[in-house]
Amino acid sequence: MSDLAKPAVESLGIVKGHYECNYLDQTVPVLSELLAFEVVERGTRQMTMKHPNTDWLLVVHESGPDVPDKPFRNHYGVRVKNNEQVDRAYEYLMAKKEPLGLKKVVMRNERAGSYSVFFVEPGGNYWEIESYEHRHQAGLTHDVAYPWKQELNEEQFPGRGYLPHGFTHGTIECNDWASSVRFYKEGLGMDVITHVQTTKPHNIKHPDNTWYVVSLEVPEKNRKYLTPLQRFTIAMASEDKLKEARDALNTRP
Ligand SMILES: [Fe+2]
């Protein structure tokens, strides 16, 4: 019998985001140049990268020329300190658009206090550089608006005019918000949080992590199904815990 008071999966956290590109040689240098990511492990068709201020990892997979560009709704994002830094990032991205092979650079209108610029790296993935300055001014707590222990400094990331202090979020799609939220909470043991007033919070967050995965509800007809190389990894404390979680997921109503 499973204990329904507890989530089926009691994990240590969301530890990796996976990410599919055309070529590592194209994509990896761009993530270092624009977002401060560092390579921590090299494989033949995958590389693991880490943001200096954030403990989850980005596993970049190479899939060759035929993999289509990912939709905007499957992006990852970093955060800078204020809106002015987003404007500086836009200037730097525009200056580097051609030499780095960026497919798009787009400023976005501020949405509920979130101000950001998007770009598409040459391997076909959207990234967001965002500021929560106005969300913090509107009352969002400091630790949520600025979720890093220490700021990056100019020596770590010189000459860009902006500093991406934290690797804050990834995104996925769901078809039915209510049933997905129930699964994230009761199945995966995640918190489902919001940064703005809404009746439908959709940021999936492990209680011990600052980073989160935005789950965007879209109608089935608009859904873009991606390959298993675009996924998130949660870690378990042991093989026994993993087996318990699998059994609980299989038996839970
Ligand atoms: Fe985003």
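These are my notebook entries on what I looked up in the structure.

**Conventions**

I worked from a predicted model, in which local features need pLDDT of at least 70, side-chain atom pairs count only at pLDDT 80 or more, and totals for chains, interfaces and linings use all residues. Residues are numbered from 1 along each chain as its sequence is written.

**Entry 1: overall form**

I began with the secondary structure and found 6 helices and 13 strands in the chain. Along the principal axes, the C-alpha atoms fill a box of roughly 60 × 45 × 40 Å.

I noted that 32% of the 253 residues count as buried. The criterion is 20 or more other C-beta atoms within 10 Å of the residue's own; 12 or fewer makes a residue exposed, anything in between partly exposed, and C-beta atoms are placed from the backbone. Of the contacts between residues at least 6 apart in sequence, 63% join residues at least 24 apart. A contact requires C-beta atoms, placed from the backbone, to lie within 7 Å.

**Entry 2: the sheet**

I traced an open sheet of 8 strands with mixed pairing, in the order S6-S7-S8-S5-S9-S12-S11-S10. Two strands pair if DSSP finds at least two bridges between them. Strand S6 (104-111) and strand S10 (191-193) stand at the edges, each with a single partner strand, so one side of each is left without a neighbour in the sheet. Neighbouring strands are turned by 30 degrees against each other on average, direction ignored. Axes here are lines fitted to C-alpha atoms, for helices over the stretch in contact, and angles run from 0 to 180 degrees between N-to-C directions.

Met107 has Val117 in S7 as its bridge partner. Helix H2 (residues 83-100) packs on the sheet, touching strand S5 (76-80), S6, S7 and strand S8 (126-131), and its direction makes about 15 degrees with that of S7.

**Entry 3: strand S5**

How many residues of S5 are buried? I found 5 of its 5 residues buried, which leaves the strand mostly covered. Tyr76, Val78 and Val80 point one way, while Gly77 and Arg79 point the other way. S5 pairs with S8 in the parallel sense over 5 bridges, and Val78 stands opposite Ile129 in S8. To S9, S5 is joined by 3 bridges in the antiparallel sense; there Arg79 stands opposite Gly166.

**Entry 4: from S9 to S11**

I followed S9 to S12, where the pairing is parallel over 6 bridges and His169 stands opposite Tyr212. S11 and S12 form a hairpin with 6 residues between them, paired in the antiparallel sense over 2 bridges. Helix H5 (residues 177-187) lies across strand S9 (166-174), S10, strand S11 (203-205) and strand S12 (212-217), running at about 135 degrees to S10.

**Entry 5: the nonpolar core**

I listed 36 residues in the largest nonpolar core, of which Leu31, Leu35, Met49, Val60, Val86, Ala89 and Val117 touch the most other members. Such a core is a set of buried Ala, Val, Leu, Ile, Met, Phe, Trp, Tyr and Cys residues joined through C-beta atoms within 7 Å. Helix H1 (residues 24-35) gives the largest share, 5 residues. Leaving aside neighbours within four places in sequence, I found Leu31 in contact with Phe37 and Met49.

**Entry 6: two alanines with positive phi**

Ala36 is not a glycine, yet its phi is positive, at about 75 degrees. Ala36 is found in the loop between H1 and strand S2 (38-42). Is Ala36 buried or exposed? I recorded 23 other C-beta atoms within 10 Å, so Ala36 is buried.

Ala112 also has a positive phi, near 50 degrees, and its place is in the loop between S6 and S7. Here I recorded 11 other C-beta atoms within 10 Å, so Ala112 is exposed.

Terms used
Helix = DSSP H or I, 4+ residues; strand = E, 2+ residues; numbered from the N terminus. Contact = placed C-beta atoms within 7 Å.
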